[in-house]
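Here is a short briefing to read with the model open beside you.

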Amino acid sequence: MYWLAVKTFFHERSRLFTTLVGIIFSTLLTITQIAMYLGVMGNASTIIRHTDGDVWVTSRNIQNFDFANPFPEDRINRVRALAEVDWAQRLIISWGFLKLENGGQEQVQIVGYNPDSGVGAPWSMVSGAASDVKGGRYMIIDKTSEQRLGTLAIGQVSELSSLRFKLVGISEGIKSFTTAPIIFMSYNQARLFYPQGQTTFIIAKLKDASKAEEVSRILRDTMKDNDVYTSAGFVYKTVMYWTVQTGMGMGFFLTAILGLMIGAAIVGQTIYANTMEHIQEFGTLKAMGARNLDLYKIIFTQAAMSASIGYVVGTAIVFLTKNGFEKAGVTLYLSVPLFAVVFVVMLLTCFASAYISIRKVRSLDPVMVFRG
Amino acid sequence: MEKIVQIQDVTKVYEEGKNRVVAVDSVSLEVKKGEVLLVMGPSGSGKTTLLSMIGCILHPTSGDVKVDGTSVAAMKERELPDIRKRYFGFVFQSFNLFPSLTAAENVEVVLRLKGWDRARLKKDSVGLLGRVGLERRAGFYPRDLSGGEKQRVAFARAMAGDPPIILADEPTANLDSKTGKEVLGLLKEFSQTAGKAVVIISHDPKAEAMAHRTVFLEDGRLKQ
């Protein structure tokens, strides 16, 4: 009966078109919303995820990576004192204003790291190296900031909160949650933008990464004025803050659900209309000896085909428009698991939408075929 | 001639709320192989209900239908499709062809339902169309066929899989006189050459001339 399902499916061109438009739209909306959410959350936690540390020591009652408060930097010694710790490094996250060529200024996020260890350094460089910030007022800016800061050129000198910094490197694809351009510099230079003797984070690498939870507990007991997280825990804390406490997650979630519902409604309506239009044919099949299962196969095959074709076209459009999104400053995090999950959800949505038709066909009395 | 269908004191009652309609009332009938049986009667006389029960589409309220000696009354609802598939070919008043399928594919549907050998599907469906003179129309869609051609495709479809019984519901109702005669001729030829049983429901007087036997139904009861 799959054969009949395919034949009938492609015969009804106008209905097929309507169904596919609905699913394409639904796929597009669902994937972009989830990919945008993942992109935004990826940006919010990007430095944590790309920093080679197992444990993060932060100020007390921190909400997320970007809203960290200063605490005494000499507390690093307490971390280093633990036998389980291989090394510990400090990281400063601060804010400043970069003067633009046109006379305006842009608020930027400053990341100060130790260029010798590279902990917290930019990980994807287009020009220069992460260690180039060592020994002076040097900075690395991400290429995605060009939209806000103008064209970046190695060697250019810009004023950052009244201090002149030379651009020695350009990174790629490193964005903050706040969308403020990120400026990387050495830890020593970042101190100029931060209270004296204070730091934002202490990052520890353990000799045995599997003991991260245990070491975090020990540090929590000894550093009562700080919070301590495992790397994964800090990512979770940051993501949950933006997702739950700001309502942002719910916004994305609702739009994605709305996309699915629109798709479900269109598919359900078209499959039902299609079933009703072909009810005589279903009755004929039943009279000729087809079982209900044979008819279910037709309906589910058509639902699956609608979902698959609509999904493939919708996904292709996502890829085609990805650059446009990126240029507009929107990060789409596209991954195989995301595509797989959306496909399964789309398929299930189409099957659920086909259920009304299944009920109709199940109760169909084949005697109807003798009633003209 | 050997009996292929036996209808034994069959009654069908439709109940809707307080209304009770006896559509078929204590009908007994036999259909033999190689026989063309015509069932005539006014509208509402129970012809369609009787045909539905012969074709194992409807269960009788009482009585029994035996197909090739097998009692249908004792069967469960889910067993009936297999009986229909194995024993019956159907010709409908409105042809009931699938508009999205070509003439050959319309025949192929039944062969597929019957689990026909895939390698033979195309050849056999075109062959069946050849038997009704439509081999050259095999690739045509129903919309491109005349009424007579559609009914001949429907007849080829009914023959698909070589069922021993053909049930035809008003097969000439939507056809002109000449074409109707041709279709009836095909049904009779099929019955005689292949030794099949053909049950026709019709108002058409031409059908009476073609049939081996005619029974009249009135108010659900048989009038010999």
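This is a predicted model: local features need pLDDT of at least 70, side-chain atom pairs count only at pLDDT 80 or more; totals for chains, interfaces and linings use all residues.

Residues are numbered from 1 along each chain as its sequence is written, chains are lettered from A and ligands numbered from 1 in the order in which they are written, and side-chain values use heavy atoms, with hydrogens and water left out.

**Terms for the sheets**

- Helices (H or I, at least four residues) and strands (E, at least two) are DSSP runs, numbered from the N terminus.
- Two strands count as paired if DSSP finds at least two bridges between them.
- Axes are lines fitted to C-alpha atoms, for helices over the stretch in contact, and angles run from 0 to 180 degrees between N-to-C directions.
- Contact, here and at the interface, means heavy atoms within 4.5 Å.

**The four-stranded sheet of chain B**

- Four strands of chain B make an open sheet with antiparallel pairing, in the order β2-β1-β4-β5.
- Its edges are β2 (19–32) and β5 (70–71) of chain B, each of which pairs on one side only.
- Helix α1 (residues 47–54) of chain B packs on this sheet, where it touches β1, β2 and β4 (62–67) of chain B, and its direction makes about 125° with that of β1(B).
- Ten bridges join β1 (residues 3–16) of chain B to β2(B) in the antiparallel sense; B:Tyr14 stands opposite B:Val21, and B:Val13 stands opposite B:Val22.
- The hairpin of β1(B) and β2(B) has two residues between the strands, and B:Gly17 takes a positive phi near 65° there.
- On to the next pair: β1(B) and β4(B) are antiparallel over five bridges, with B:Gln8 and B:Asp64 as bridge partners.
- Two bridges link β4(B) and β5(B), again antiparallel, and B:Val67 is opposite B:Thr70.
- β4(B) and β5(B) also form a hairpin with two residues between them, and B:Asp68 in the turn has a positive phi of about 50°.

**The six-stranded sheet of chain B**

- This open sheet of chain B has mixed pairing and the order β6-β7-β8-β3-β9-β10.
- Its edge strands are β6 (88–91) and β10 (221–223) of chain B, each pairing on one side only, and the twist averages 25° from one strand to the next.
- Strands β7 (residues 165–169) and β8 (residues 197–201) of chain B run parallel and are joined by five bridges; B:Ala168 stands opposite B:Ile200 in β8(B).
- Helix α5 (residues 147–159) of chain B lies across β6 and β7 of chain B and runs at about 170° to β6(B).
- Helix α6 (residues 177–194) of chain B packs on the sheet as well, touching β3 (36–40), β7 and β8 of chain B, with its direction at about 155° to that of β8(B).

**Where chain B meets chain A**

- The contact takes 28 residues from chain B and 23 residues from chain A.
- About 2500 Å² is buried between the two chains, and carbon and sulfur atoms give 66% of it; buried area is the accessible area (1.4 Å probe) that two parts lose on being put together, summed over both.
- B:Phe98, B:Ser100 and B:Leu113 supply 21% of the area that chain B buries against chain A, more than any other three residues.
- The two chains share two salt bridges, each defined as a side-chain nitrogen of Lys or Arg within 4 Å of a carboxyl oxygen of Asp or Glu.
- A:Lys7 forms a salt bridge with B:Glu105, and their closest N and O atoms are 2.5 Å apart.
- Helices α1, α2 (80–87) and α3 (103–113) of chain B each supply at least two residues of the side that touches chain A, and the largest share, six residues, comes from α3(B).
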